Amino acid sequence: MTKVVEHKIVKFGLGWKGFDHDEMERQLNDLGRQGWEAVSSLQPSVGAAATDILVLLKRAR
């Protein structure tokens with residue numbers, strides 16, 4: 001039997017004072033309570049500076 005999962009990408013943008021790590025943690029914990037599991041992250045960049053953090057999540061359907 002094939003396990004069916006759904007995926008989600010959450011984007012955290014660079015703010016005036018950098019990344020809001022407390023807010024990122026709050027959102028990821030909220031998503032975890034909904035059954036989402038973070039499986040990877042990416043930091044796309046323009047030049048040498050990261051402009052966003054993308055977190056890839058999955059959960060069973």
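A word on element names before the first click: helices (H or I, at least four residues) and strands (E, at least two) are DSSP runs, numbered from the N terminus. Residue numbers start from 1 along each chain as its sequence is written, and side-chain values use heavy atoms, with hydrogens and water left out. This is a predicted model, in which local features need pLDDT of at least 70, side-chain atom pairs count only at pLDDT 80 or more, and totals for chains, interfaces and linings use all residues.

**Stop 1: the whole chain**

Select everything and colour by pLDDT, the predictor's confidence in each residue, from 0 to 100. The mean for the protein chain is 90, and 100% of its residues reach 70 or more. Among the elements, α1 has the highest mean pLDDT (96) and strand β3, residues 45–46, the lowest (72).

Now trace the chain from the N terminus: its elements follow the order β-α-β-β-β-β, which comes to one helix and five strands. Along the principal axes, the C-alpha atoms fill a box of roughly 45 × 25 × 10 Å. The radius of gyration, taken over C-alpha atoms, is 14 Å, whereas a compact globule of 61 residues would have one near 10 Å; that globule rule is 2.2 Å times the number of residues to the power 0.38.

**Stop 2: the helix**

Select residues 21–33, which make up helix α1. How far apart are its end C-alpha atoms? They are 18 Å apart, which agrees with the 18 Å that 13 residues should span at 1.5 Å a residue; the expected span is 1.5 Å times one less than the number of residues. Just after α1, click on Gly35, which takes a positive phi of about 100 degrees.

**Stop 3: the sheet**

Show β1, β5 and β2 together: these three strands form an open sheet in the order β1-β5-β2, with antiparallel pairing. Two strands pair if DSSP finds at least two bridges between them. β1 (5–13) and β2 (37–42) stand at the edges with a single partner strand each, so one side of each is left without a neighbour in the sheet. From one strand to the next, the twist averages 25 degrees.

Zoom in on the pairings of β5, residues 52–60. Nine bridges link β5 to β1, and in that strand Leu56 stands opposite Ile9. Five bridges join β5 to β2; here you can pick out Ser41 opposite Val55, and Glu37 with its bridge partner Lys58.

Bring the helix back into view: α1 lies across β1 and β5 and runs at about 165 degrees to β1. Axes here are lines fitted to C-alpha atoms, for helices over the stretch in contact, with angles from 0 to 180 degrees between N-to-C directions.

**Stop 4**

Buried means under 20% relative accessible area, exposed over 50%, and partly exposed in between (1.4 Å probe, protein chains only). Of the 61 residues, 18% count as buried.

Select Asp52 in strand β5. Is Asp52 buried or exposed? Asp52 is buried, with a relative accessible area of 17%. Leaving out residues up to four places away in sequence, Asp52 touches Lys11, Phe12, Gly13, Leu14, Phe19, Leu42, Gln43 and Pro44, where contact means heavy atoms within 4.5 Å.

Finish at Ser45 in strand β3. Ser45 is partly exposed at 45% relative accessible area. Beyond its neighbours within four places in sequence, Ser45 is in contact with Ala50 and Thr51.
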